[in-house]
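Please open the structure in the viewer and keep the sequence at hand. The tour begins with the whole chain and then turns to a single side chain.

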Amino acid sequence: MAEKEYLIRLGDRARKRHYHKTDKGQVISFMVQLEVEAEAGVWKPVIRYDCAHDFAHRDRYNAKGDRDKDEMALSYSESLEFADKDINDNWDVYRERFLRGEFP
């Protein structure tokens, strides 16, 4: 089994946390999360894609910590690819919505 984990600064007050584990080339576990620095040194999740609870899904958070969950009808590999692309392409919009107190 192979595991990869990294943290990438995306811009001002935003970073992406990425983790995935593969077995024989198949993704068996993953988590991709956009985090925003809500105040000095305090990082909060904004949007997280993962496979906790044995299904691929997306959790969206607002600044109060409220969460909503959407199941993804994709394989873990497809969900991981989608999550990376979505956060890379839309992190700045998600950050601004979060900082305004909205769901991204």
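**From the whole fold to one residue**

Begin with the cartoon view: the secondary structure of the protein consists of 1 helix and 6 strands. The model is a predicted one.

Next, show the C-alpha atoms alone. Along the principal axes they fill a box of roughly 40 × 25 × 20 Å. The radius of gyration is 14 Å, which agrees with the value near 13 Å that a compact globule of 104 residues would have.

Of the 104 residues, 40% count as buried. Among contacts with a separation of 6 or more, 37% are between residues 24 or more positions apart.

Then select helix 1, residues 76-99, and within this helix pick out Asp-86. Which side chain of opposite charge is nearest to Asp-86? That side chain is Arg-58, 5.0 Å away; Asp-86 is buried yet has no salt bridge, because a salt bridge requires the charged atoms to lie within 4 Å.

Display the polar contacts of Asp-86 next. One joins its side chain to that of Tyr-49, at 2.4 Å. Another, of 2.7 Å, links the side chains of Asp-86 and Asn-90.

Finally, select the residues in contact with Asp-86, leaving aside its neighbours within four places in sequence: these are Ile-47, Tyr-49, Trp-91 and Tyr-94.

Technical notes: Residues numbered from 1 in each chain as written. Predicted model: local features only at pLDDT ≥ 70, side-chain atom pairs only at ≥ 80, totals over all residues. Heavy atoms only, no water. Helix = DSSP H or I, 4+ residues; strand = E, 2+ residues; numbered from the N terminus. Buried < 20%, exposed > 50% of the residue type's maximum accessible area, 1.4 Å probe, protein only. Lys, Arg positive; Asp, Glu negative; His and termini not counted. Polar contact = N/O pair within 3.5 Å; in protein donor to acceptor, adjacent residues only side chain to side chain. Contact = heavy atoms within 4.5 Å. Rg over C-alpha atoms; globule rule 2.2 N^0.38 Å.
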